[in-house]
Amino acid sequence: MRQYEQAGALTVTQSRDAIRQRIEAINDVECAGLGGALGRVLAEDIVAPMDVPAADNSAMDGYALPGKLLEIEAPLRLKIAANAFAGHAHSGLIGPGECIAITTGALLPQGCDTVVPQELALEVTSTHVTLPAHAVARGANRRLAGEDLQRGALVLSRGKILRPADIGLLASLGIAEVTVSRRLRVAFFSTGDELRSIGDALDPGCVYDSNRYTLHAMLTRLGCEVIDLGVVRDDPDALEATLRKACAEADAIVTSGGVSVGAADYTRQIMAKLGAVDFWKIAMRPGRPMAFGRIASEGKSAYLFGLPGNPVAVMVSFYMIARDALLHLAGAQNAPLPLISIPSRAPIRKLPGRTEFQRGFLVPDEEGRLTVSLTGPQGSGILRSMSEANCMVVLAHERGDVQAGEAVDVMLFDGLI
Ligand code: AMP
Ligand code: MG
């Protein structure tokens with residue numbers, strides 16, 4: 001079988017692992033109130049200071065009683081001794097032949113272990129209720145103290161990226177603020193004489209600089225503080241000056257363009273002058289060339305990700321290589337994104353020996369089962385292929401051609417939360 005081979009190329013996994021090993025997470029933390037904690041990296045373990053719920057309570061609106069009363073064969077007529085409302089302590093005791101009308105969330109009165117939902121009542125008067133025999137099992141509709149979170153349990157661990165449920169969980173424990181990693185400061189710029197900024201005339205042979213906007217958006221989504229250093233001409237002095245400036249201000253620098261073989265010569269020299277940077281060939285498509293290393297200027301250092309210039313290649317290498325590294329730098333736990341196995345609607349050409357990231361979208365087939373289709377031409381300059389896609393089709397390194405109906409790995413673009 002034909003095989004894609006490139007001397008000295010690293011696999012995607014090898015490059016991801018190598019970068020992770022070379023990155024030391026930042027140690028700076030700050031305090032965040034819950035209102036500002038969404039998407040931040042938790043920098044402490046959270047141990048529950050209390051039970052949630054704090055006490056046994058009702059899961060339904062209905063009638064609280066000792067469940068054993070229901071273990072008879074005839075309907076049960078009980079006197080309503082009192083009302084128990086959510087948020088109000090209830091100290092009354094029930095006597096024989098009595099129950100308590102209760103609302104969801106109200107503390108279970110002493111002696112009651114079961115709640116019969118009000119819609120099961122056969123007859124209700126202002127003083128009495130009749131319940132069917134065996135209406136519910138003993139213990140039904142009771143929420144136990146600590147059934148959500150137990151005092152002393154580890155509820156969120158350091159490195160977790162806080163999502164809406166985590167914020168709510170912290171609030172349910174009465175925790176108002178948490179220690180988080182400070183936001184990463186990431187400088188970024190585009191390189192290329194052919195690039196024009198929006199608003200400038202598009203001279204012959206030029207293109208609008210789209211990568212800087214894509215990078216800005218991707219970094220913002222990742223929760224970084226972004227530093228936009230504009231377009232840098234294909235000029236060694238300009239590149240050196242911009243890299244030095246970026247070093248002074250940022251934890252990491254992400255650039256686009258200028259790392260492919262033809263273009264890289266002076267980039268290589270400048271980057272080598274400022275630190276230890278490797279130029280990698282990664283067995284992936286799109287996104288083969290990439291530079292990674294650490295550069296320093298005037299006592300400040302920053303990690304450098306030199307991504308390729310093609311608009312799809314910059315996005316794919318950002319998501320498949322740089323994203324993981326930046327999260328690691330920010331102190332986040334390693335949480336690889338899930339791959340889902342989905343049948344491909346049509347055949348896909350693929351050479352073994354490199355990982356391919358093709359752009360796809362999920363569509364149901366005639367029976368309503370999900371399949372994945374590619375978004376038309378997959379050239380690394382065709383940004384529309386990313387825009388129309390809702391998932392990445394990840395074709396593993398060793399894999400060859402895909403037949404129609406064969407399962408492929410899919411990484412979804414959008415999550416629910
Ligand atoms: P390079 O990696 O610098 O050789 O660029 C590869 C291709 O990507 C060229 O066609 C460039 O014009 C294009 N390109 C590079 N940077 C950008 C950018 N910032 N926005 C849009 N296209 C770009
Ligand atoms: Mg270029």
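A residue is called buried under 20% relative accessible area, exposed over 50% and partly exposed in between, with a 1.4 Å probe and protein chains only. By this criterion Tyr303 is buried, with a relative accessible area of 4%. The model is predicted: local features need pLDDT of at least 70 and side-chain atom pairs count only at pLDDT 80 or more, whereas totals for chains, interfaces and linings use all residues. Side-chain values use heavy atoms, without hydrogens and water; residues are numbered from 1 along each chain as its sequence is written, and ligands from 1 in the order in which they are written.

**Nonpolar cores**

- A nonpolar core is a set of buried Ala, Val, Leu, Ile, Met, Phe, Trp, Tyr and Cys residues joined through side-chain atoms within 4.5 Å.
- The largest such core has 42 residues, and Ile19, Phe305, Phe318 and Leu326 have the most contacts inside it.
- Among the elements that give two or more residues to this core are helix H1 (12-22), strand E21 (300-307) and helix H6 (311-329); helices (H or I, at least four residues) and strands (E, at least two) are DSSP runs numbered from the N terminus.
- H6 gives the most to this core, with twelve residues.
- Another core lies apart from it and has 21 residues, including Leu229 and Phe279.
- Beyond its neighbours within four places in sequence, Phe305 is in contact (heavy atoms within 4.5 Å) with residues including Ile19, Val254, Phe292 and Leu326.

**Aromatic rings**

- Rings of Phe, Tyr and Trp (its six-membered ring) pair if their centres lie within 6.5 Å; planes under 30 degrees apart count as stacked, over 60 as edge-to-face and the rest as tilted.
- Four aromatic pairs are found in a search of the whole structure.
- The pair of Phe292 and Tyr303 is stacked, because the ring centres are 6.3 Å apart and the planes are at 5°.
- This pair links distant parts of the chain, with Phe292 in strand E20 and Tyr303 in strand E21, eleven residues apart.
- Phe318 and Tyr319 form an edge-to-face pair, at 5.6 Å centre to centre and 85° between the planes.
- Phe318 is buried at 0% relative accessible area, whereas Tyr319 is partly exposed at 32%.

**Ligand 1**

- Of the 14 residues around ligand 1 (a heavy atom within 4 Å), Glu194, Asp209, Ser210, Gly258 and Gly309 come nearest.
- A backbone N or O atom of Gly258 lies 2.9 Å from an oxygen atom of ligand 1.
- A polar side-chain atom of Ser260 lies 3.3 Å from an oxygen atom of ligand 1.

Terms used:
A polar contact is a pair of N or O atoms within 3.5 Å; within protein, one must be able to donate a hydrogen and the other to accept it, and residues adjacent in sequence count only if both atoms are side-chain atoms.
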